Amino acid sequence: MANNTDYVKVLWELTYSDVALSSSILIIIGCIVGILGNGSVIICYFFRIQERGERYFIPVLAVVDLVACLTSSIFYVMDNAFFLNYPYDLMCRILIFLQLLVPGTSASLLVIISVQRYLLVCKPHGPRMTLRWKRIAIVVVCLFTLAYTAPVLVISGIKTSNETFQNHTIQITICKFSTAEITAKIRAYIVFFLLLTIASILITISLFILVLKRIKLSFLGKFRSGRNASKHRNTPPNTDSTKDIELDKCEGKTHGTQMQKQSSTLGVGLDTNKPVNTLKKEDSERTRKEKATRRITIMFFVIIVAYVLSYIPSLIIFIVVYTLKDFNYISVSRETTFVITYLSRSVFLNHIVNPFVYSYFDPNFRKELRKLFACVNK
């Protein structure tokens, strides 16, 4: 028994000890950053920013990211510390379940956000996602994610096996997504889970490509109209313009008298009583709202890009580990273990970066964040 323990320790030191230490340090740092960032987002958007409107899903997504920072950190640190001798089967099942449930909820929320932005930008005169439907969508997302991740509580757990290392048989206990042999039902569930994940990514990207195309066309149209207007203003006057001005002066009184008679006769017409400043104010307000919509749409696009880039490596590693027959970490080198470990946990970054994206694109959040820091410093 002592000899067996010694060789397990040798395997740990040769293959995984450095990777586990560096990974645990980075995970703890990321957890602290994620808690502070997402906690600030929750406080600012829930309690300090009164008009959320298009930002409705931001604090909800921040709550999910905050929970993910906590659950993922515990799962990764436990896996690092007890990689070859995981002690608790129930803890393994619960942590793997949460590891799928929380990121899955986050991904599903991004699909809902993509649909909401698509309706707002591409179908401005069509149906809108009202507050009631937003709340219903959140409930449906949570229940749906819970339903398709619940089977993990049954198939996951710790698995003890005898492996050969340096011509000696050693016993290792690992926390795994599936402890049983890959049967037809388990294979079907894994395929369903992978297809659902890929479909979620494709739907989110497709909708936002349409949204960005619409924003680009709108922006180019306004740019061209503005450029044509500036050209028209800079065009030199014609030689006959002075004559036209003189004629306008002569005919102005008669024309004005006729217009007054027509307006008094008809009793309707243009709203001549509306001040020019009011019209300019309405135009500037409309322009401000359009710019805010465009800015928030681009902000969500950056969040989705970060989600896709962080999720794809984890998905690839998951497919490799559970499709290659007889895969184990004993047969791979330290460098391969390093690559597999860090790529499989890249999805953790998605829950950390979102507060930085909010602070860059949303001036209201930056303003309230400064006030919050000022209150904390006092």
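Author: A residue is called buried here when its relative accessible area is under 20%, exposed when it is over 50%, and partly exposed in between. The model is a predicted one.

Reader: Is C69 buried or exposed, and what is its relative accessible area?

Author: The cut-off for a buried residue is a relative accessible area under 20%. C69 falls under that cut-off and is therefore buried, its relative accessible area being 0%.

Reader: Which cysteine has the sulfur nearest to that of C69, and how far away is it?

Author: A disulfide requires two cysteine sulfur atoms within 2.5 Å. C69 takes part in no disulfide. Its nearest cysteine sulfur belongs to C31, at 6.1 Å.

Reader: How many disulfides does the structure hold, and which residues are joined?

Author: The structure holds one disulfide. Its S to S distance is 1.9 Å, and the residues joined are C92 and C175.

Reader: Where in the chain are C92 and C175, and how many residues apart are they?

Author: The pair links distant parts of the chain. C92 belongs to helix α3 (residues 89–121), while C175 belongs to strand β2 (residues 168–176). C92 is buried at 0% relative accessibility, and C175 is also buried, at 10%.

Reader: What is the handedness of the disulfide between C92 and C175?

Author: The torsion about the S-S bond of C92 and C175 is about 90°. The disulfide is therefore right-handed.

Reader: Which residue has a side chain in polar contact with that of D79?

Author: D79 lies in helix α2 (residues 57–81) and is buried, with a relative accessible area of 11%. Beyond its neighbours within four places in sequence, D79 is in contact with Y16, Y86 and R345. The polar contact, of 3.0 Å, joins the side chain of D79 to that of R345.

Reader: Which residues of α10 are buried?

Author: Helix α10 (residues 350–361) has twelve residues and spans 17 Å from its first C-alpha to its last, close to the expected 16 Å. Its buried residues are N350, H351, I352, N354, P355, V357, Y358 and F361.

Reader: How are α10 and α11 oriented, and which residues of α11 make the contact?

Author: α10 and helix α11 (residues 363–377) pack at about 105°, with their axes 5 Å apart. That angle makes α10 roughly perpendicular to α11. From α10, the contact is made by P355, Y358, S359, Y360 and F361; from α11, by P363, F365 and R366.

Note on methods
Residues numbered from 1 in each chain as written. Predicted model: local features only at pLDDT ≥ 70, side-chain atom pairs only at ≥ 80, totals over all residues. Heavy atoms only, no water. Helix = DSSP H or I, 4+ residues; strand = E, 2+ residues; numbered from the N terminus. Expected span 1.5 Å × (residues − 1). Buried < 20%, exposed > 50% of the residue type's maximum accessible area, 1.4 Å probe, protein only. Polar contact = N/O pair within 3.5 Å; in protein donor to acceptor, adjacent residues only side chain to side chain. Contact = heavy atoms within 4.5 Å. Axes fitted to C-alpha atoms, helices over the stretch in contact; angles between N-to-C directions. Parallel < 35°, antiparallel > 145°, perpendicular 65-115°, else oblique.
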